[in-house]
Amino acid sequence: MADRPSKSRSAPAASPDAEARPQRLPETERSTADAIAAFVAQAKAMAPQAQGTRGRLMFALDATLSRQPTWDMACALQAEMFREAAALGRLDIRLVYYRGFNECRATGWISDSAELARLMSKIDCRGGETQIGKVLAEARRHATSAGIRAVVFVGDAMEENVDELCDRAGELGLLKVPLFMFQEGQEPRAEQAFRDMARLSGGAWCRFDPGAAAQLRELLRAAAAYAAGGREALLRLAGRETGAAFLIDQMK
């Protein structure tokens, strides 16, 4: 990737541009019994997010080699999320992606669609296996500290331990962070896993056809509406867009 971050630990204070630049995510770890107990206590103590606060959405994409056409489409459509959120408040997006051998990276929080498009345009897709577990671990790390309201995932495959992924999805459900799992294509194993993860998190699953920009646009707009304005905003959007209506029907 042309925009690869420096590995130096003695660099001067980062500029805003450097803060947004994708950084490698740490490896996932299994939770101990004590860690799980502490997590549940933390989740129970969380207060609902105040209305009118700035929305935050994690936008996660499979960037393995087969995904290049969809990555390009997502680059073109990501501004729709900011536009939808603009009527409800403001939206910050954290881009997370995986590709190649053991590479999973995340940007800082981005509030401008042009900046997100610039970063995405510098990332090319590379062959590799899925790393959805790292995406979910990153969402959990930031759920309380950064106030994430939702996670959008766009992908077409699942090559990991589904029980472990569902465990992490359930943890996000306790933290009131729904997963919007948008599946390209019809791979059965991925569909079952994505459906279960969405259900356990209190989110929703939806399939879109390969290359179907209009379908993906509606889904991204719906997720942004939820992140910026909560369930009520998604309900209002559902009155005029089928994508939002499909998601709200699944959410508990």
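The buried residues of helix α4 are Ala79, Glu80, Met81, Phe82, Glu84 and Ala85. Buried denotes under 20% relative accessible area, exposed over 50%, and partly exposed the range in between (1.4 Å probe, protein chains only). Helices (H or I, at least four residues) and strands (E, at least two) are DSSP runs, numbered from the N terminus. The model is predicted: local features need pLDDT of at least 70, side-chain atom pairs count only at pLDDT 80 or more, and totals for chains, interfaces and linings use all residues. Residues are numbered from 1 along each chain as its sequence is written, and side-chain values use heavy atoms, with hydrogens and water left out.

Helix α4 is largely enclosed by the rest of the structure, because 6 of its 8 residues are buried. The cover over these buried residues includes β2, α3, β3, α5 (113-121) and α9. Glu84 belongs to α4 and is buried, at 9% relative accessibility. Contact is defined as heavy atoms within 4.5 Å. Leaving aside neighbours within four places in sequence, Glu84 contacts Arg221, Ala224, Ala225, Leu237 and Arg240.

The structure holds 21 salt bridges. A salt bridge here is a side-chain nitrogen of Lys or Arg within 4 Å of a carboxyl oxygen of Asp or Glu. One network of salt bridges links Glu80, Arg83, Glu84, Arg217, Arg221, Arg240 and Glu241. Within α4 (residues 79-86), Glu80 and Arg83 lie 3 residues apart, about one turn of the helix. Their closest N and O atoms are 3.2 Å apart.

An α-helix has 3.6 residues a turn, so residues three or four places apart point the same way. Arg195 is partly exposed at 36% relative accessibility. Glu191 is buried, with a relative accessible area of 17%.

The sheet is open and has 7 strands, in the order β1-β4-β3-β2-β5-β6-β7, with mixed pairing. Two strands count as paired if DSSP finds at least two bridges between them. The edge strands are β1 (23-24) and β7, each pairing on one side only. Strand β1 runs antiparallel to β4 (residues 103-106), and 2 bridges join them. Gln23 has Ala106 as its bridge partner in β4.

Helix α3 (residues 68-77) lies across β2 (55-62), β3 (91-99), β5 (150-155), β6 and β7, and runs at about 155° to β2. Helix α10 packs on the sheet as well, touching β6 and β7, and its direction makes about 145° with that of β7. Axes are lines fitted to C-alpha atoms, for helices over the stretch in contact, and angles run from 0 to 180 degrees between N-to-C directions.

In α10 (residues 242-250), Gly243, Ala244, Leu247 and Ile248 are buried. They lie on the same side of α10 because they cover an arc of only 125° around the axis. The arc is that of the directions from the helix axis to the C-beta atoms. Thr242 and Asp249, on the other side of α10, are exposed. The cover over the buried residues of α10 includes β6 (179-184), β7 (204-208) and α9.

The largest nonpolar core has 48 residues. Such a core is a set of buried Ala, Val, Leu, Ile, Met, Phe, Trp, Tyr and Cys residues joined through side-chain atoms within 4.5 Å. The residues with the most contacts inside the largest core are Phe59, Trp71, Met120, Val152, Phe180 and Phe182. Helix α9 (residues 213-238) gives the most to this core, with 14 residues. Val152 touches Leu57, Met58, Phe59, Ala60, Phe180, Phe182, Leu220 and Ala223, not counting residues up to four places away in sequence. A second, separate core of 29 residues includes Ala106, Leu136, Ile148 and Ala190.
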